[in-house]
Structures are given as C-alpha cells and as structure tokens.
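User: I have some questions about how the labels in this model were reached. Please set each one against its definition.

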Amino acid sequence: MPAEEKRLGQRQILVVDDDSDFRWATANVLKAAGYRVVHAADGDEALGFLEKDIPHLVLLDYRMPGLNGLEVAMAMKQRIPAVPVVMITAYAEIDSAVAAMKMGVYDYVTKPVDNNDLLFTIRRALEKQDLMEEVARLRHILSERASLYEMMGRSDPIKKLVRHLEKVAPTSFTVLIQGESG
C-alpha cells in the first residue's frame with residue numbers, strides 16, 4: 001500500500017445526514033478511497049459522537065430535523081475548531097452558504113454530489129489542516145529557539161557559538177561547552 005493511501009486510511013470522517021441512503025453511499029465512496037467512516041443521523045448524534053472521539057473531517061448536511069447544519073457546525077467549531085467541516089445540502093441557497101463560510105465551514109457542496117469533486121474537496125481540506133498543524137509546530141519550535149538565544153545573550157562570541165551548535169545539533173556527536181559565565 002502506498003504511503004499516501006496508508007496516511008489517508010488513518011483519517012476518520014464523520015458523515016452527518018438524516019438521509020440513510022446518502023450516508024450509506026457516501027460511506028462506500030469514502031471507504032473505497034481509504035478513509036474510515038462513522039455516521040450520525042442528526043446533529044445531536046453528531047455532537048454526542050464528539051464526546052468520545054474527534055474525526056479528522058466532518059461532512060455535514062445543512063437541513064436535518066432538530067438542529068440544522070449551521071447550528072451543528074457552530075457547536076463543532078467551538079469544540080474542535082481545527083477540524084474541517086464540509087457542508088452538504090440539496091438546497092443551493094446563497095445566504096446559507098455565505099453564513100456557513102463566515103462561521104468557518106471549509107466548503108459548501110450541493111447534492112447530487114459528484115464523488116470525485118467530494119474526494120478532491122476532502123483531500124484539499126485535510127491537506128490544509130496538515131499545513132496549519134505544521135505551521136503551528138514550527139512556530140512553537142522557533143519560539144523555543146528564540147527564547148534560548150535570548151537567555152544566552154547577543155554578543156558576537158555567543159552568536160558564533162550558536163552557529164556551531166546549529167551545525168552539530170542534527171548529528172549524534174556529544175559536545176561539551178566550557179567557558180566562563182557572563
């Protein structure tokens with residue numbers, strides 16, 4: 001199995017739709033693409049699912065009995081803001097699409113859904129999520145590095161020492177640094 005398929009296979013998608021046929025068909029398409037799929041028939045069930053697990057992406061129907069898709073998306077964004085939500089609806093309403101996008105929904109897709117377009121949208125959303133996580137990780141590393149440099153000082157000998165440390169850091173060599181403090 002290629003690395004890309006293996007990575008995708010680890011991704012879990014929550015499909016929230018009151019239409020059981022749509023859930024079944026979409027789940028089959030997603031499983032064939034290597035995703036793990038969990039279902040919810042309405043907003044309450046979807047929010048209950050979040051109490052025990054966090055999916056990598058949510059496909060969310062706009063019109064459902066009880067809580068509508070916007071209400072569910074808002075609750076999800078408050079609990080798990082980094083998880084992309086793709087809104088799906090049979091009703092192409094401009095106002096609802098704009099409202100969904102303003103609250104942070106990643107994309108808005110109308111039924112009948114083209115499977116290739118849906119898979120492309122999912123892949124793009126997950127790639128964006130990966131990039132955001134990588135940026136956060138790198139920012140954390142840079143802030144740690146900056147605070148170390150600030151503690152060490154800004155003199156020319158310290159800058160020279162830091163350049164040497166950066167060269168040695170990726171290796172397995174053991175280094176002992178000696179010298180007077182201050």
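Analyst: Two strands pair if DSSP finds at least two bridges between them. Note that this is a predicted model. By that rule, 5 strands form an open sheet in the order β2-β1-β3-β4-β5, and the pairing is parallel.

User: What makes β2 and β5 the edge strands?

Analyst: Each pairs on one side only. β2 covers residues 36-40, and β5 covers 107-110. Neighbouring strands of the sheet are turned by 20° against each other on average, direction ignored.

User: How do you know that β1 and β2 pair?

Analyst: Count the bridges. Pairing needs at least two. Strand β1, residues 12-16, has 5 bridges to β2, in the parallel sense. Among the residues involved, L14 has V38 as its bridge partner in β2. V16 stands opposite A40 in β2.

User: What makes you say that helix α2 packs on the sheet?

Analyst: The test is contact, meaning heavy atoms within 4.5 Å. Helix α2, residues 20-32, touches β1, β2, β3 (57-61) and β4 (85-89). The direction of α2 makes about 165° with that of β2. Helix α5, residues 94-102, also packs on the sheet, touching β4 and β5. The direction of α5 makes about 150° with that of β5.

User: Why is β1 called mostly covered?

Analyst: Buried means under 20% relative accessible area. In β1, 5 of its 5 residues are buried, so the label holds.

User: Which residues of β1 lie on each side?

Analyst: In a regular strand the side chains alternate between the two faces of the sheet. Q12, L14 and V16 are on one side of β1, and I13 and V15 are on the other. All of them are buried, and both faces are covered.

User: Why is L165 called partly exposed?

Analyst: The partly exposed class lies between the buried cut-off of 20% and the exposed cut-off of 50%. L165 has a relative accessible area of 31%, so it is partly exposed. L165 is found in helix α7, residues 156-168.

User: What makes L165 part of a nonpolar patch?

Analyst: Patch residues need over 30% relative accessible area. L165 has 31%. L165, F173, V175 and I177 form the patch on the surface, with about 390 Å² of accessible area together.

User: What kind of peptide bond joins K111 and P112?

Analyst: A cis bond, with omega about 0°. Most peptide bonds are trans. P112 sits in the loop between β5 and α6 (115-152).

Definitions and conventions:
Residues numbered from 1 in each chain as written. Predicted model: local features only at pLDDT ≥ 70, side-chain atom pairs only at ≥ 80, totals over all residues. Heavy atoms only, no water. Patch = residues over 30% accessible without salt bridge, like charges linked within 9 Å, V, L, I, M, F, W, Y side chains within 5 Å. Areas by Shrake-Rupley, 256 points an atom, 1.4 Å probe, with all protein chains shown as cover. Salt bridge = Lys/Arg side-chain N within 4 Å of Asp/Glu carboxyl O. Helix = DSSP H or I, 4+ residues; strand = E, 2+ residues; numbered from the N terminus. Buried < 20%, exposed > 50% of the residue type's maximum accessible area, 1.4 Å probe, protein only. Axes fitted to C-alpha atoms, helices over the stretch in contact; angles between N-to-C directions.
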